[in-house]
Amino acid sequence: MESGQKSRKFISLRLKWAFVTSLGSLIIFFIVTLALFTAFTQNLFRQEQGNLRAGMGAISRQLSKNDAPLTRGSIEKLLDPGNDKSIMKGEDYRRSAVKELSDGHLIVHIYNPQGKRLLTTGKLDVSQPLVNERLVKVYDGSKHRILFGHMPIYSQKTRQVIGYLQVENDLMSYTKSYTQLKLVCILALALVVIASGLLGYCLSYFLLRPISDIHDTVKVISKDPTKEIRVPTLYSNDELSELINVFNEMLDRTQRYIEQQSQFVSDVSHELRTPVAIIQGHLEMLERWGKDDPKVLDDSINASLAETKRMKNLVQEMLELSRAEQVEINFRNQRTVINDVVYQVFNNFKMLYTDFNFTLDDDLDESIEANIYRDHLEQVLVILCDNAVKYSTDRKRVHLTLSRGLNTVEIGVQDFGEGIAPEDIKRVFDRFYRVDKARSRKKGGNGLGLSIAQRLIEGYHGRISLESSVGAGSLFKIELPIAHDDEPEDKKSKEK
């Protein structure tokens, strides 16, 4: 497998981009050029055909004025009546006398009805029998195509055949234009391929440079995930800029997770080290001499049981935290009436802590459902209310609020106790974090309650935030998306 991967040849994305750009430009330009070339050459060829037909028509009209079969003399008079000099020398016809034949591409042969050639302006390459039918055909010559026309000449008066006309166009001008145009098209295609390839490569250099930066960053991060290197930010407001922002955010989250995981392992080790050391100390003391002293034995057993209970609670909270990170998978279809849960927790705490003044402001006019498991919402509210009770000092008052946002339902839990310093607000949701570790331990906290609450709320696409001031208390606010019932009525009736 490794040898197969090593044998693969690396091909730069820039070269691929340049190749694809050149190929695409070649195909598109070839199709366009072929269409233009075909249209132009066909139009040029039709012009040559039109010129040949026009020349044949002009000569035929002039010769058809004769009543008798054509002779050399009659042809001379009809084609150049104003010239007193003979234009006929031997068999060759001097073309300067006839304007219709001034086109040097045409070769004209005129025959009498018996097939005797009376006039010629050159040698015909095509041999065509004399027939009483007008035709224009294309023949393949030795080097290029030849355009040939044949027609009988009728007398205007007697409507009898008085001769035959054959005209040949060697298409030299057409062939020359055709060859030149084809050469221009080939050169243009080559130029387009080269230019598009160079342009594609240059564009890929600038457009794919962020991908190279991402590649370099990934290589560094793969060697050392704790590196704080990031991809340089783009300000182009396009897909690559968005990709870089998302990639940098992912690296930030990954690094935070690594730091939190490292801190989590460190905190767990620290949290478990203390009770384990206490239990071990008591057992060693009992083994050496304490088991013979009933008072020492009783104190050691009670201390060991207390530490064991604390370890049990810690493990339980760690399991709850692990489950809280998977609520979106296991409880995605759960719904809960928020009003009912808030009132239940409010009444329970009001009954449990009679020395506290619990108040509830409900601004909702109707019951509202959210996509959250009932027990999880109750667990979050219990954590927040329990913290409010623990950290209330002189003013033993806890205030709950229930209101509605634009598309959310909002729950607030406010105490009037110690409060939290600004530098600690961002870290209170971290695992095992305590604002005052000594006082928190005395109150029985492991520093996992708020972390569990945050994971649960965020697992249901909600948000939990904190506003606090030292000495004035804290306000925890929960925002959960309101569940919208989009099912049709007939489906709901069937389910009922």
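Arg463 comes out as partly exposed in this predicted model, with a relative accessibility of 47%. The residue sits in strand β13, which covers residues 463-469. Leaving aside residues up to four places away in sequence, Arg463 touches Ile457, Lys477, Ile478 and Glu479. One of these, Glu479, is 16 residues away from Arg463 along the chain, yet the two C-alpha atoms are 5.1 Å apart in space.

On to the charged pairs. The salt-bridge count comes to seven. Among them is the pair of Asp252 and Arg230, whose side chains meet with an N to O distance of 2.7 Å.

Another salt bridge links Arg404 to Glu366, with 3.4 Å between the closest N and O atoms. Here the partners are a strand residue and a loop residue: Arg404 lies in β11 (residues 397-404) and Glu366 in the loop between β9 (357-362) and β10 (369-370), so the contact ties together parts 38 residues apart in sequence. Arg404 is partly exposed too, at 43% relative accessibility.

Asp386 counts as partly exposed at 22% relative accessibility, and Lys390 falls into the partly exposed class at 26%.

As for the cysteines, the structure holds zero disulfides. Cys385 is at 1% relative accessibility and therefore counts as buried. Cys185 also counts as buried, because its 14% relative accessibility is under the 20% cut-off.

Finally, there is a hairpin to look at. Strands β3 (residues 106-111) and β4 (residues 117-120) pair in the antiparallel sense, with three bridges between them. Within this pairing, Ile110 stands opposite Leu119 of β4. Five residues lie between the two strands of the hairpin, and in that turn Gly115 takes a positive phi of about 95°.

Methods:
Residues are numbered from 1 along each chain as its sequence is written. This is a predicted model: local features need pLDDT of at least 70, side-chain atom pairs count only at pLDDT 80 or more; totals for chains, interfaces and linings use all residues. Side-chain values use heavy atoms; hydrogens and water are left out. Two strands pair if DSSP finds at least two bridges between them. Helices (H or I, at least four residues) and strands (E, at least two) are DSSP runs, numbered from the N terminus. A disulfide is a pair of cysteine sulfur atoms within 2.5 Å. Buried means under 20% relative accessible area, exposed over 50%, partly exposed in between (1.4 Å probe, protein chains only). Contact means heavy atoms within 4.5 Å. A salt bridge is a side-chain nitrogen of Lys or Arg within 4 Å of a carboxyl oxygen of Asp or Glu.
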